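Colleague: I would like to learn how to read a model like this one. Please take it feature by feature.

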Amino acid sequence: MKKHTWLGLALLLLAALMAVPAAGVLFGTETQVTTNPAGQYNPAIWGDHIVWDDYRNGNWDIYQYDLGTGTETSVCTDPVDQSNHPAIWGNHIIWVKNGTDINLYDISTGTKSSICTEPAYRWSPGIYEDRIVWQDGRNGIGDIYLYNIGTGTETQVTTNTANQLSPAIWGDHIVWQDTRNDDGDIYLYDLGTGTETPVCTDPAGQWNPVIWGDRIVWQDYRNGNWDIYLYDLGTGTETPVCTEHRDQDNPAIWGDYIVWQDYRNLNWDIYLYDICSGTEMPVCTDLAGQWRPAIWENRIVWQDTRNNYPDIYLFEIAAPTELDATVDLKPDTLRLRNKDHTITAFIELPAGADPAEIDASSCRLDSLPIEAGEPSEVGDYDGDGVSDLMVTFDLCTAVPGTLDRRAILSLFRTVKVGRTFVDVAVTVSGEMNDGTPFSGEDTIRIRV
């Protein structure tokens, strides 16, 4: 086959691989939070507090669990239904009572109050600091309303004659699902400027938006099934997060982490995408169903039916354990009088870890990052039957300017000083593609 044909196939393969998020392993601990057989649904989390809808008393109530004390308590068990996806921020828990009233509970004081009782259907409350938003039917359609806990004032946010649904809030930004174009679109309102802006108006449906900082995430039907999409307000860019061939629903976001429920395995599972690393990881793929994930920092909660009725489960993401690498540095002796100031590291990993999965761009020689364009290649360079990654560092490009003796020696930890040489300890570190860190050390001699 001609060379240019091979090149074309290689480019096509590369493009296909770039379109699929890198797979990774999520390190952490899974815990069952609730055990009552009546069923617990729709969890939300903030800090040590998890809240949910609970049916143990024959109607919908609100319960919470304190991870710090390990105690479960009822928030509201009035005889009418308390349901509709409770939300929490700090000490404040909110929910809809009997389908109409927005209720507020203060964890610190144990006091409960109603902040909106005008007769109307209400749904999907959300909260950020002292601001509460919800979907309100008092005008015969779905509008978005805002309540400020500090000032006690209520404001109508949207006035369009179509339905505005499922609001979420972060800072001055409120996002929602909007039907003014006959399908579900994503719109945003800026409380600081008083302006309303469309975020995504693709002709297919966009539902269930969530927001964290400048990042807006939703489920999107443009590819013929529900996928997860991300829009960055800071850069004005839209990005597909997960476009697996089956449905991905009900996203949630915190920082660099996006979580959702996923049907790729023919039952609902929980998956996570790390925006920073571009890595997708399963959180829970138990054969039973997992729905409605929520996230706060490194804690993910969801409702889970593995015990034949819905329970609340928790996964706490842990930092991956660092891999102890074996590093061989060449040359063994670096002569400063030579013009070549390159150091090549040969990195071997413990059994079960593949050096081909090292993110070469993350490699560092003590404090020096690898320079773009420096070579890296996997092979068995020492002939011991174990693959290693070769990474080359050029001190001249890593440290601009004249590389005199003091500049070189200041980079490393001194082990031994002789009349014409200094032995230094050099650490090579980096990350695997799934974010797992590694490091290893070797000693080289610098002729001065």
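Colleague: What does the chain average in pLDDT?

Modeller: This is a predicted model, so confidence comes first, and the cut-off for local features is a pLDDT of at least 70. The chain averages 90, and 91% of the residues score at least 70. Residues 1-20 are another matter: their pLDDT is below 50, and the stretch has two contacts in the model beyond near neighbours in sequence. Where pLDDT is low, the predicted coordinates should not be read in detail.

Colleague: Is Q64 buried or exposed?

Modeller: Buried means under 20% relative accessible area. Q64 has 7%, so Q64 is buried. This residue lies in strand β5, residues 61-66.

Colleague: Which side chain makes a polar contact with the side chain of Q64?

Modeller: That of H49, at 2.9 Å. Leaving aside neighbours within four places in sequence, the residues in contact with Q64 include H49, W52, T71, E72, Y105 and I107.

Colleague: What is the order of strands in the open sheet of four?

Modeller: The order is β31-β33-β37-β36, and the pairing is antiparallel. An edge strand pairs on one side only; here the edges are β31 (326-330) and β36 (376-379). From one strand to the next, the twist averages 25 degrees.

Colleague: How many bridges join β36 to β37?

Modeller: Four, and the two strands run antiparallel, with β37 covering residues 388-394.

Terms used
Residues numbered from 1 in each chain as written. Predicted model: local features only at pLDDT ≥ 70, side-chain atom pairs only at ≥ 80, totals over all residues. Heavy atoms only, no water. pLDDT = per-residue confidence, 0-100. Contact = heavy atoms within 4.5 Å. Buried < 20%, exposed > 50% of the residue type's maximum accessible area, 1.4 Å probe, protein only. Polar contact = N/O pair within 3.5 Å; in protein donor to acceptor, adjacent residues only side chain to side chain. Pairing = 2+ DSSP bridges. Axes fitted to C-alpha atoms, helices over the stretch in contact; angles between N-to-C directions.
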